[in-house]
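The following paragraphs go through the model element by element. Please keep the sequence and the coordinates open while reading.

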Amino acid sequence: MTAAGRALVSRTTRFCRALRERGVGATPAESADAVRALSAVDLGDRADVYYALRALVVSRREELATFDELFEEWWGATVDAAGARDGRRKGPPHNRAVHAPTEAPRPASAATFLTRWASAAAAADGDDALPLAVPSPHDALGAKDFSAYTAEELGAVERVATRIARRLRSRPSRRWRSGRRSARLDLRRLVRLSLKTGGDAVELAYRERKLRRTKLVVLCDVSGSMDLYSRFLLQLLFALQQAFARVETFAFSTRLVRITDALARDSYREALDELARLPAGGWSGGTKIGESLEAFRTGWPRLLDRRTVVIVLSDGWDTGEPDVLGGALRLISRRAGRVVWLNPLLGSPSYQPLTRGMQAALPHVDVFAPAHDLASLEALARHLSL
Amino acid sequence: MREEIRRIQEAMEREAYVTDRATATAVYLSVTLQKPLLIEGHPGVGKTEVAKVLARMLDTELIRLQCYEGLDVATALYEWNYPKQLLHIKLEEGSDRSVREKEAVIFSEPFLLERPLLRAIRAERRSPVLLVDEVDRSDEEFEAFLLEVLSDYQVTIPEIGTVRATHTPHVVLTSNRTRELSEALRRRCLYLWVEYPSLAKELSIVRAKVPGIDERLARDLAAFVQAIRRQKLTKTPGVAETLDWARALVALGAEELDDDVTGDTLGCFLKDEADIRQVGVEVASRGVAALVADGVKPG
């Protein structure tokens with residue numbers, strides 16, 4: 001390999017590493033392919049280099065902006081990208097000066113208060129203070145207005161919920177099973193069976209689609225310490241309820257309240273009115289996770305079976321006894337198909353699940369995942385189909 | 001610019017596909033590096049067209065696999081020809097072959113029905129173009145299976161054995177992003193995002209695809225579509241809709257885009273009742289000319 005070639009390999013590899021650091025997942029295999037790609041284009045032509053690397057390294061639309069920014073940083077001179085300037089998306093930036101170093105771009109659709117949360121979390125990285133309300137053992141009375149969100153934010157949450165619901169929908173699975181009634185002939189088996197009888201189909205074989213059916217039970221913590229997230233999560237719950245029939249939703253802080261019916265309204269606004277009317281255990285009050293879970297287990301035992309996924313949305317700040325939480329969750333996990341604990345704090349890099357409540361709960365949780373932004377909710381869908 | 005990329009761009013233009021360097025480069029690399037090309041973008045921006053044009057350009061067969069929820073291996077890969085098998089057993093009734101021999105016969109090549117994936121792998125003459133359309137509509141299990149096939153271009157049929165591709169197919173996948181595709185599949189592919197075209201590009205597309213359209217009419221209608229794409233609609237019209245509309249206007253003998261003819265033909269490019277009402281009101285109150293002027297201004 002020539003010296004220039006070696007330099008190219010090293011530069012490309014380091015460029016890919018820089019992309020990885022910015023969240024554009026360029027795998028080592030892709031850097032290798034990138035080098036191959038570059039040897040297939042005109043290296044003297046920036047546009048060739050730009051389009052080739054972009055096609056290889058980027059793998060979703062959201063990564064384009066980051067790629068453009070880094071490309072300019074790394075490959076310097078501007079690219080004549082007239083062809084790329086279609087529509088609203090900007091091509092590779094022309095002017096270096098206008099690109100002051102900025103924070104990593106976030107998808108524009110992410111709810112603004114989440115962005116605020118993210119910046120708050122970033123600010124808190126230095127000291128240990130987390131942007132949390134202190135859990136208090138008292139009920140906070142009165143209703144809260146959950147509706148201070150724009151239509152656009154609601155739209156983004158709704159789309160995530162629809163995707164989740166799509167995955168869970170009772171749909172014929174792709175697998176067939178042998179069946180008796182109202183089924184299609186299983187020709188593959190039938191042919192084999194009729195070999196014995198010289199081609200006469202004496203024994204018939206049938207098949208039918210297996211049905212796949214997942215149910216959801218969501219237990220949402222709406223206590224004070226969850227204040228930042230619970231309104232947002234309620235939006236998700238509402239959208240989920242709209243898109244997917246087999247979900248039962250409960251809210252809890254110091255008491256457990258079933259909110260399935262309240263959420264099953266035509267509009268989010270009506271659902272909020274309905275929620276405000278509930279004899280709430282106190283929105284945004286203190287937290288008794290263990291007792292609330294125990295109340296669910298004893299109060300609605302029939303909701304639990306092997307085809308049910310139980311989702312607990314909570315930060316684990318429990319003012320009750322950890323033993324109660326551990327015990328209740330153990331019994332729930334024995335009956336349910338899966339227990340998913342979504343903790344919004346898990347999205348913050350400095351968070352560790354050290355609270356006594358969380359410690360007691362973790363052994364009985366199948367999936368422990370963050371839920372602080374849309375991306376994490378999207379990832380959640382993966383854990384939900386049994 | 002690399003000579004081949006320019007040639008691909010020119011060849012695509014010859015096939016009446018108005019393209020840009022991003023697309024030409026992605027297509028070139030996909031063929032050169034033998035990596036599948038994943039194309040994402042809004043509905044109606046011409047994603048599927050890339051595969052069709054590529055097949056025409058390479059003068060090879062286009063094999064299309066349309067994905068949908070519940071798509072299974074029997075529909076995508078292969079199936080046994082059951083009626084033929086039954087008939088054959090019947091015909092062999094009197095023969096003294098053993099059951100084992102009979103079985104070997106009916107589960108052999110002549111009784112196999114090829115479906116798109118197997119057909120793409122077994123192509124004899126030259127590499128075909130395999131279009132996996134709307135891969136986001138298939139389910140995860142199928143996506144995993146597809147990834148397996150795309151990794152080594154070979155499949156195993158229990159009764160026959162492993163079939164390996166002699167000519168690696170050129171694979172184009174399209175997605176409308178109704179579902180997030182798996183990271184593994186994305187990593188396996190080259191990526192191309194297709195945006196709605198700019199005014200100039202859309203105008204060239206209209207000229208190329210609707211020959212004989214009046215120049216001013218073409219300009220006005222392209223600008224009008226640009227303007228309404230900036231509005232919040234339930235279903236934003238794609239290029240396909242623009243072309244439908246252009247053809248309709250030509251068929252109606254319209255010479256210019258006035259309020260009446262626009263109001264009458266909204267259904268050609270708006271496919272949602274609420275959208276038609278919304279744009280109809282705007283046309284009635286502001287007039288087509290104002291919207292056309294909006295569209296000419298850069299967004």
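Two residues are in contact if their C-beta atoms, placed from the backbone, lie within 7 Å. Helices (H or I, at least four residues) and strands (E, at least two) are DSSP runs, numbered from the N terminus. This is a predicted model, in which local features need pLDDT of at least 70 and side-chain atom pairs count only at pLDDT 80 or more, while totals for chains, interfaces and linings use all residues. Residues are numbered from 1 along each chain as its sequence is written, and chains are lettered from A and ligands numbered from 1 in the order in which they are written.

With the contact rule in hand, begin with a helix pair in chain B. In helix 11 of chain B, the residues B:D220, B:A223, B:F224, B:Q226, B:A227 and B:I228 meet B:V288, B:L291, B:V292, B:D294, B:G295 and B:V296 of helix 15 of chain B. Sorted by class, this contact between helix 11 and helix 15 of chain B has eight nonpolar, two polar and two charged residues. Here Ala, Val, Leu, Ile, Met, Phe, Trp, Tyr, Cys and Pro count as nonpolar, Asp, Glu, Lys and Arg as charged, and the others, Gly among them, as polar. Helix 11 (residues 215-229) and helix 15 (residues 288-296) of chain B pack at an angle of about 80°, and their axes are 7 Å apart. That makes helix 11 of chain B roughly perpendicular to helix 15 of chain B. Axes are lines fitted to C-alpha atoms, for helices over the stretch in contact, and angles run from 0 to 180 degrees between N-to-C directions. Angles under 35 degrees count as roughly parallel, over 145 as roughly antiparallel, 65 to 115 as roughly perpendicular and the rest as oblique.

Next comes chain A, which has 14 helices and nine strands. Of its 386 residues, 39% are buried. A residue is buried if 20 or more other C-beta atoms lie within 10 Å of its own, exposed if 12 or fewer, and partly exposed in between, with C-beta atoms placed from the backbone. Among the contacts in chain A between residues at least 6 apart in sequence, 75% join residues at least 24 apart.

At 1.5 Å a residue, its 12 residues should span 16 Å, and the end C-alpha atoms are 16 Å apart, which agrees; the expected span is 1.5 Å times one less than the number of residues. In helix 4 of chain A, the residues A:L64, A:D68 and A:F71 are buried. They cover an arc of only 65° around the axis, which puts them on the same side of helix 4 of chain A. The arc is that of the directions from the helix axis to the C-beta atoms. An α-helix has 3.6 residues a turn, so residues three or four places apart point the same way. The buried residues of helix 4 of chain A pack against helix 3 (46-57) of chain A together with strand 9 (190-194) of chain B.

A:Y268, A:A271, A:L272 and A:L275 are buried in helix 10 of chain A. Seen down the axis, these buried residues fall within an arc of 100°, so they line one face of helix 10 of chain A. The face turned away from the buried side of helix 10 of chain A carries the exposed residues A:R269 and A:R277.

Where do the chains meet? In total, 42 residues of chain B are in contact with 41 residues of chain A. On the side of chain B that touches chain A, helix 2 (21-33), helix 5 (82-91), helix 6 (99-106), helix 9 (183-188) and strand 9 each supply at least two residues. The largest share, seven residues, comes from helix 2 of chain B. The residues of this side of chain B divide into 18 nonpolar, six polar and 18 charged. On the chain A side, A:A37 lies in helix 2 (residues 28-39) of chain A. A:A37 counts as buried, with 26 C-beta neighbours inside 10 Å. Not counting residues up to four places away in sequence, A:A37 touches A:A52, A:L56, B:L29 and B:L33.

B:E134 has a positive phi of about 55° although it is not a glycine, and lies in the loop between strand 5 (129-133) and helix 8 (140-152) of chain B. B:Y153, also not a glycine, has a positive phi of about 45° and lies in the loop between helix 8 and strand 6 (154-157) of chain B.
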